[in-house]
Amino acid sequence: MVTVPVECPYCHSTEVIKVGKQANGVQRYQCQNGQCARRIFLLQYQDRGRVPEVRRQVIDMALNGSGIRDTARVLRISPTTVIAVLKKSRRASPRQPHVAASSSFTRRPRLGRMRRRAR
Ligand SMILES: [Zn+2]
């Protein structure tokens with residue numbers, strides 16, 4: 001028998017416990033490190049848009065001036081996922097503390113589909 005230590009993909013702590021399963025039967029884990037930005041994680045994600053490394057690349061590409069569609073094509077994830085990751089990165093990033101009650105932040109209109117006239 002071989003035991004493989006489960007490591008948190010965010011803080012690399014091995015103090016991890018099992019916390020039930022996903023609807024698809026995949027084991028879910030929880031990081032026991034109180035300072036960790038992320039608590040629940042999986043070892044094998046079905047969805048590329050959930051993989052921490054891919055999510056980091058989305059942010060890196062945005063910082064390097066890549067557009068949403070550009071990033072989606074290169075990382076083989078959907079443009080909607082790119083937007084979702086970028087929106088979440090504002091509060092999940094441990095280096096940038098969450099700005100509480102910023103009244104200057106107003107919601108931009110949603111990126112809707114371009115309307116095309118049917119002919
Ligand atoms: Zn952790």
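**A walk around a zinc site and its cores**

Guide: Let's start with arginine 28, whose side chain reaches the backbone oxygen of lysine 21 at 3.2 Å. Keep in mind that this is a predicted model.

Visitor: Is arginine 28 buried, exposed or partly exposed, and how do you know?

Guide: Its relative accessibility is 28%. Buried means under 20% and exposed means over 50%, so arginine 28 counts as partly exposed.

Visitor: Where does arginine 28 sit, and which residues does it touch?

Guide: Arginine 28 is part of strand S2. Leaving out residues up to four places away in sequence, it touches Ile17, Lys18, Val19, Gly20, Lys21, Gln22, Ile40, Phe41 and Leu42. Take leucine 42: it is 14 residues from arginine 28 in sequence, yet their C-alpha atoms are 5.1 Å apart.

Visitor: On to the metal. Which residues hold the zinc ion, and what makes them donors?

Guide: Cys8, Cys11, Cys31 and Cys36 coordinate the zinc ion, each through SG, at 2.2 to 2.3 Å. A donor S atom has to be within 2.8 Å of the metal, so these SG atoms qualify. Along the chain, the donors follow the spacing C-x2-C-x19-C-x4-C.

Visitor: Why is the arrangement called tetrahedral?

Guide: With four donors, all angles must lie between 85 and 135 degrees. Here they are 100 to 116 degrees, so the arrangement is tetrahedral.

Visitor: Which residues make up the largest nonpolar core?

Guide: There are nine: Val6, Cys8, Val16, Tyr29, Cys31, Cys36, Phe41, Leu42 and Tyr45. Strand S2 (27-31) and strand S3 (40-42) each give two or more residues to this core. A second, separate core has eight residues, including Met61, Ala72, Ile77 and Val85.

Visitor: How do you know that the length of helix H1 agrees with what a helix should span?

Guide: Helix H1 has twelve residues, 52-63, and at 1.5 Å a residue it should span 16 Å. Its end C-alpha atoms are 17 Å apart, so the two agree.

Visitor: Which residues of H1 are buried, and what comes just after the helix?

Guide: Pro52, Val54, Arg55, Val58 and Met61 are the buried ones. Just after H1, glycine 65 takes a positive phi of about 90 degrees.

Conventions. Residues numbered from 1 in each chain as written. Predicted model: local features only at pLDDT ≥ 70, side-chain atom pairs only at ≥ 80, totals over all residues. Heavy atoms only, no water. Donors = N, O, S within 2.8 Å, 3.2 Å for Na, K, Ca; no water. Tetrahedral: all angles 85-135°; square planar, octahedral: opposite > 155°, others 65-115°. Core = buried A, V, L, I, M, F, W, Y, C linked by side-chain atoms within 4.5 Å. Buried < 20%, exposed > 50% of the residue type's maximum accessible area, 1.4 Å probe, protein only. Helix = DSSP H or I, 4+ residues; strand = E, 2+ residues; numbered from the N terminus. Expected span 1.5 Å × (residues − 1). Contact = heavy atoms within 4.5 Å. Polar contact = N/O pair within 3.5 Å; in protein donor to acceptor, adjacent residues only side chain to side chain.
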